[in-house]
Every structure is written in C-alpha cells, then in structure tokens.
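Please open the model in your viewer and keep the selection panel at hand. The tour moves from one group of aromatic side chains to the next.

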Amino acid sequence: MSLQSTHSRDHRSASPVAVLGVPFDLGADRFGVDMGPSAIRYGGLSAALDTAGVDYTDVGDLSLPTLRTQSAPPDAGAKYLDAIAEMTETLAGRVATEIADGSVPLVLGGDHSIAMGTMRGAARAAEIGVVWFDAHGDYNTPTSSPSGNVHGMPLAAAHGYGDFAEIPWATAPNVAAENTVIVGARSLDADERAVLRESEITVFTMADIDKRGIGPVTEEALDIATDGVDDIHVSLDLDWLDPDDAPGVGTPVPGGVTYREAHTAMERVADRDAAESVLRSLDVVEVNPILDQRNETGERAAELAASAFGKRIL
C-alpha cells in the first residue's frame, strides 16, 4: 500500500498519530476480517481524522502470514499459533518504534489477536493500563478455549495467565491486571467468568452501563486504568456495539452499546488524554466487510477512532 500524505492541524493531543493496518485473520474463524483495515480507511478514516484536527500519517500495512501459507490447524489448543507469534513480534516491534519516535499508534485490525502485538509493543518501555471495550472477555487460553481461536485470548496472553506463562512472546509484562478494565462485557465463557471473578481485573458489564450510564462507567474505567501507570492502551472491538449499529463483525452479540454511547466513551478517552496525555496506543478491530452492510461497520470504526482522538460536533 502506498503511503498517504501527512496532515497537520491543531489538535488537543500534542503527539502525532501513526495509522498502521494489520490485515490479519488467523486468530478468528471467519474469512474477511483481514480486509478490516481497508474497510476502515474506505469508511472515511482520513476525512474523520482531518475533521478532528489530528496530525497523522498513514504508514501502510504490515506484511503478515496469511491462511494460504499456513498448514491446517491442530485438533486442539490454539490455532495457527506459529503464525500468530510472527505477527505479534512484528507488530510489537513496529508499535514500539512508532512510540519511540513520538507517535501514538492507531492500529487497524484484523482480528483481536493483533492486540497481543499492540500491547506488547506499547508496554516495552512503560507501565501501562488497558481499557478493553468489548462484548467478550478475551480471557481464554489454549487449554480453556472452546474454539481454539486466539482472538478470544489476547488479554489472558498479555497477563501471562495460564498456558501463556510458558509463551513469553505473547505476554506484555508491564500490563498489570489491577490496571486492566473490560467495559461492556455481555458474552463470557464459563471458564472466563470464573477466572475474571477471582482476578484483579475490573469488569463492567452491559448491566453496569444500563444502570449507571456509559459516561460514568468509562470515567471509572479510565481512573482504574491510569492509576499509578505511565500510559494506557485502549482496545475497541466493533462487536462491542449492538449488531444493529455494527453488523459487520464475526461474533455479534445482541444487546450492545448504541452508536451514540460508543461515541461518548471515545470522547471520554479523548478528554482524559487531552487533560493528562495518557493514551499510548489504540487498536480498532474485528471489522469484517464480508459480513457488513454497505461498509456500515467500517464507517463506524473510522468515526469512533476519530472521536478517541478528539473529534467533536462543535
């Protein structure tokens, strides 16, 4: 992919943004999510970032393993783990480089397994918290996963939980459980539910959002994630939204946040970053244009990413 030009305007964040695509689908079980970066760009990402006044550069896509180059997955355990290891190390190195150069990486997925690379790179030289906007807990392991799909494992990997204690390339050692917050969970596997209840991770379910409102829940999530750390990583899975607002995802779950609630959450991220300069990296994942309707989900992803970097109505 050819590089796009750099755009500069006044923005509340002092750091420029590096847009990086990760066209990867081996962590999921549905074809098409590797086209997510293209769908988000086509959905108006450049225009949305321009409107937000973001100083950004699109640095193109990583070159990564594809399904066509891989052997059949094993009958049990994590699928395509060797290829995911290659992706994770490649992405972690690139994210760490962009941060060292003074940029905030905006990583476009791809399935959610890419967050292993984003978090590992972001945490290479800093203690970071994590805010995880997702319908799912993503706290399975190769042993506990019902499917073997690694896009359901990246948080467990980052914390070195279970099997991942013996898989060092998957971990992000400077990401602490007590600074990790899942926002909007509504579909947890039985093993995940038990582990999360006993962990130091904070989980706000959709019931919490219904009761308290998206604004207060997001503010508390940011308070927890930023407590005593250098910066935070924010991960936005488009299946966090209700399928009526974001149909183009591989694992849709009814009862998600509305499009307006999602914008409110991203605006709170931007407000916190403007006040405290805490956003170290952001990934936006699980857009699958094959399952989408007129690239509606790609457009949603582009607009929400821009909101996280300061786009406002007025």
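Throughout, buried means under 20% relative accessible area, exposed means over 50%, and partly exposed lies in between, with a 1.4 Å probe and protein chains only. This is a predicted model, in which local features need pLDDT of at least 70 and side-chain atom pairs count only at pLDDT 80 or more, while totals for chains, interfaces and linings use all residues. Residues are numbered from 1 along each chain as its sequence is written, and side-chain values use heavy atoms, with hydrogens and water left out.

Rings of Phe, Tyr and Trp (its six-membered ring) pair if their centres lie within 6.5 Å, and planes under 30 degrees apart count as stacked, over 60 as edge-to-face and the rest as tilted. Searching the whole structure gives two aromatic pairs.

Select F133 and W240 to begin: their rings form a tilted pair, 4.8 Å centre to centre with 50 degrees between the planes. F133 is buried, with a relative accessible area of 0%, and W240 is buried, also at 0%.

Next, select Y139 and Y161, whose ring centres are 5.4 Å apart and whose planes stand at 40 degrees, so this pair is tilted. Y139 is buried at a relative accessible area of 5%, whereas Y161 is partly exposed at 34%.

Finally, select R300 with Y259, where the charged end of R300 sits over the ring of Y259, 4.2 Å from its centre; the criterion is NZ of Lys or CZ of Arg within 6 Å of the ring centre and within 35 degrees of the ring normal.
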